[in-house]
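Here is a colleague's note to read beside the model. Keep the sequence and the 3D view open, and take the points in order.

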Amino acid sequence: MQYDVNKIREDFPILSRTVYGKPLIYLDNGATTQKPRCVVESITDEYYSVNANVHRGVHFLSQQATNLHEASRETVRKFINARSTSEIVFTRGTTESINLVASSFVDSQMKEGDEVIVSVMEHHSNIVSWQLQAARKGIVLKVIPMNDRGELLLDEYKKLFSEKTKLVSVAHVSNVLGTINPVKEIIEFAHSQGVPVLVDGAQSIPHMKVDVQALDADFYVFSGHKVYGPTGIGVLYGKEAWLEKLPPYQGGGEMIKNVSFEKTTFNELPFKFEAGTPDYIGSTALAKALDYVSAIGMDNIAAYEHELTQYAMGRLKEIPGMRIFGEAEQKGGVISFLVGNIHHFDMGTLLDRLGIAVRTGHHCAEPLMHRLGIEGTVRASFGLYNTKEEVDALVAGILRVSQMFA
Ligand code: PMP
């Protein structure tokens, strides 16, 4: 298939706007992605013509909204190749999905002194969610180290296991280094020790084909807004056997079967974990986003972004004083860097004046910054609509900023 990036760009109205009179060059896709027309229109269309609360109504609109919401669950199921829609729980995003598992898993499966293994390159949401439980119940976090290229040390990982290890929770792709972690191997080893694995797919789902059954992940979580869908909706995939075992996370409507003051019984999966009115407008729009990327083809997107990243790495390395953090063999389209002794915030602010949107700071991964011995980086992260011309503009921008500091 011919990858027609210009045609793709036409689907994203925001990409043709200007900032400070300059064409917008949006390289902050790791934080959130822009939305194609079909996603935005899905939101307005559903509010204008279908809006009604789901699951409860006997009336036509409610049933239509319910059908859309449940059809979206099926779209998500297919997208990640889960066995059943009972394994697809809608949440507010990656963070809520991890907190849900952390809370329900620790409550029901762990006791004081038990251990969760995470990696040194985790996002705060995959650290602090566990720390909150750790403080409450005396859970211990063990950390997989990495080498200087930003690759996890699998031998060290294996050494972290003990009879107290109850769960492994790791990012599929690092939001700072771009490293694509060998999650299949990580899962295989954990399973050989009888330990389940949660994979944080926030940075992988938008960029590669993910098959939760092929990976044999026990939990896989992601956010809608990073995969060209709306904010406020995300997904927790969990193997049915695990979701059956875990207690509900929040109480309220939707998640119950029968309620009395003496005893309440809970709804079946996945509704047991979906307390309150769900974001049924968001689920439909998320399904539209998944249909959109599926139509382009996840493998085509991965190949295109890989080439773009290789090109960007090559061009960025031409810049005097360039230091790139994360040169893993398997690397996605996230590039963190510093130039000379220019502060990341100054670089980001001056690039912004040139119309180039990058992120600066610790990227919600402070422990990783400590490992790298820095306070923060400038991060350029690509999406399916970025181009080599935009990479060239980034390089020219960095050179211009460097000259100002020379
Ligand atoms: N994990 C990773 C790897 C991320 O990159 C992010 C977002 N930067 C999150 C978790 C949190 O996602 P959200 O804020 O959408 O819940």
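1. **Reading the labels.** Helices (H or I, at least four residues) and strands (E, at least two) are DSSP runs, numbered from the N terminus. With that in hand, find P270 in the loop between β12 (264–266) and α10. The peptide bond that joins L269 to P270 is cis, and its omega is near 0°. For background, most peptide bonds are trans.

2. **What kind of model this is.** This is a predicted model: local features need pLDDT of at least 70, side-chain atom pairs count only at pLDDT 80 or more, and totals for chains, interfaces and linings use all residues. Residues are numbered from 1 along each chain as its sequence is written. pLDDT is the predictor's confidence in each residue, from 0 to 100. The chain averages 97 on that scale, and 100% of the residues score at least 70. For the complex, the predictor gives an ipTM of 0.99 and a pTM of 0.98.

3. **The annotated region.** The unreviewed UniProt entry carries the annotation "domain: Aminotransferase class V" over residues 25–394. UniProt positions are given in the numbering used here, feature names are shortened, and annotations may be inferred rather than shown by experiment. Over residues 25–394, the chain is 41% helix and 17% strand. The end C-alpha atoms of this stretch are 8 Å apart.

4. **Two domains.** The chain is divided into domain 1 (5–28 + 297–405) and domain 2 (41–294). These bounds come from an automatic or database domain assignment. Between the C-alpha centres of domain 1 and domain 2 there are 28 Å.

5. **Where the domains meet.** Two residues are in contact if their C-beta atoms, placed from the backbone, lie within 7 Å. By that rule, 25 residues of domain 1 are in contact with 23 residues of domain 2. On the side of domain 1 that touches domain 2, α11 (298–317), β14 (334–339), α13 (366–372) and β17 (377–381) each supply at least two residues. Which element gives the largest share of that side? It is α11, with 5 residues. By class, the side of domain 1 that touches domain 2 has 11 nonpolar, 7 polar and 7 charged residues. Here Ala, Val, Leu, Ile, Met, Phe, Trp, Tyr, Cys and Pro count as nonpolar, Asp, Glu, Lys and Arg as charged, and the others, Gly among them, as polar.

6. **Helix α5.** The expected span of a helix is 1.5 Å times one less than its number of residues. Helix α5 (residues 125–137) has 13 residues, so it should span 18 Å; its end C-alpha atoms are 18 Å apart, which agrees. A residue is buried if 20 or more other C-beta atoms lie within 10 Å of its own, exposed if 12 or fewer, and partly exposed in between; C-beta atoms are placed from the backbone. The buried residues of α5 include W130, Q133 and A134. Their cover includes α4, β5, β6 (140–144), β7 (165–171), β8 (197–200) and α13. After α5 comes G138, with a positive phi near 75°.

7. **Helix α10.** Helix α10 (residues 280–296) has 17 residues. From first C-alpha to last it reaches 25 Å, close to the 24 Å expected at 1.5 Å a residue. Buried or exposed? α10 is mostly covered, with 13 of its 17 residues buried. Just after α10, G297 takes a positive phi of about 105°.

8. Most residues other than glycine have a negative phi. Y20 is not a glycine, yet has a positive phi of about 50°. Y20 is found in the loop between β1 (18–19) and β2 (22–23). Y20 counts as exposed because it has 9 C-beta neighbours inside 10 Å. D216, also not a glycine, has a positive phi of about 65°. D216 lies in the loop between α8 (212–215) and β9 (219–223). With 16 other C-beta atoms within 10 Å, D216 is partly exposed.

9. D114 lies in the loop between α4 (94–109) and β5 (115–119). Why is D114 partly exposed? Because D114 has 19 C-beta neighbours inside 10 Å. D114 touches I139, K164 and K166, not counting residues up to four places away in sequence. E389 lies in helix α14 (residues 388–405). E389 counts as exposed, with 11 C-beta neighbours inside 10 Å.
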